[in-house]
Amino acid sequence: MAFVQSFKFLFFALLAATLIILSLSPRQWNPVPRIMNQKLLRWLGKISYGLYVFHPLVFYPVVVNLIPFLEKKKNLPEFILILLGTAVSLSTTILVSALSYKYYELPFLRLKKLFGGYQSEFSQNLER
């Protein structure tokens with residue numbers, strides 16, 4: 001785990017710097033709008049609040065229970081344990097967030113039209 005901890009801040013700093021530089025480049029050379037308009041990223045944006053809320057609730061049990069269990073039973077290298085823990089945490093968090101969006105958040109978002117006012121592009125595209 002120390003390996004991941006030591007490089008994660010460097011990785012995100014380099015990623016942020018790259019996105020800033022790309023956003024300042026001329027439009028015809030800039031891949032960022034094309035990348036950010038991908039269906040998968042737009043869908044992840046819709047469920048992003050759930051990702052934020054549920055991630056700690058999913059990540060902690062995986063780290064406390066699953067990784068030590070696999071470490072004892074399978075005697076896997078630390079790097080593989082980190083990858084497995086990340087894959088299980090991420091996929092479970094995405095699943096829980098998608099279900100939360102569909103069955104909890106979306107009914108509330110649909111209530112907006114009952115109160116009138118400005119309708120944003122987001123609320124017009126809820127079903128996409």
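**Exercise 1. Get the overall picture: what share of the 128 residues in the protein is buried?**

Buried residues account for 18% of the 128 residues in the protein; here buried means under 20% relative accessible area, exposed means over 50%, and partly exposed is in between (1.4 Å probe, protein chains only). Keep in mind that this is a predicted model: local features need pLDDT of at least 70, side-chain atom pairs count only at pLDDT 80 or more, and totals for chains, interfaces and linings use all residues. Residues are numbered from 1 along each chain as its sequence is written, and side-chain values use heavy atoms, with hydrogens and water left out.

Next, the fold. There are six helices and zero strands, with helices (H or I, at least four residues) and strands (E, at least two) taken as DSSP runs numbered from the N terminus.

**Exercise 2. Work out which element has the lowest mean pLDDT and which the highest.**

Start with the average: the protein comes in at a pLDDT of 84, and 87% of the residues score at least 70. pLDDT is the predictor's confidence in each residue, from 0 to 100. Now go by element: helix α6 (residues 121–124) has the lowest mean, 61, while helix α3 (residues 39–46) has the highest, 94.

**Exercise 3. Take helix α4 (residues 48–74) and compare its span with that of a straight helix of 27 residues.**

Step three: look along the helix, and you'll find a kink of about 45° at Phe54, shortly before the proline Pro56. That bend is the angle between axes fitted to the seven residues ending there and the seven starting there. To finish with α4, its buried residues are Gly50, Val58, Val62, Ile67 and Leu70.

**Exercise 4. Find the nonpolar patch on the surface and say which element gives the largest share.**

The patch consists of Phe11, Phe12, Leu15, Leu19, Ile35, Met36 and Leu41, with about 650 Å² of accessible area together. Two elements give two or more residues each: α1 (2–24) and α2 (32–36). The largest share, four residues, is from α1. On the α2 side, Met36 sits in that helix and is partly exposed at a relative accessible area of 47%.

**Exercise 5. Is Leu22 buried or partly exposed?**

Leu22 belongs to helix α1. Its relative accessibility is 26%, so Leu22 counts as partly exposed. The C-alpha atoms of Leu22 and Pro33 are 9.9 Å apart, with the two residues eleven apart along the chain.

Key. Patch = residues over 30% accessible without salt bridge, like charges linked within 9 Å, V, L, I, M, F, W, Y side chains within 5 Å. Areas by Shrake-Rupley, 256 points an atom, 1.4 Å probe, with all protein chains shown as cover. Salt bridge = Lys/Arg side-chain N within 4 Å of Asp/Glu carboxyl O. Expected span 1.5 Å × (residues − 1).
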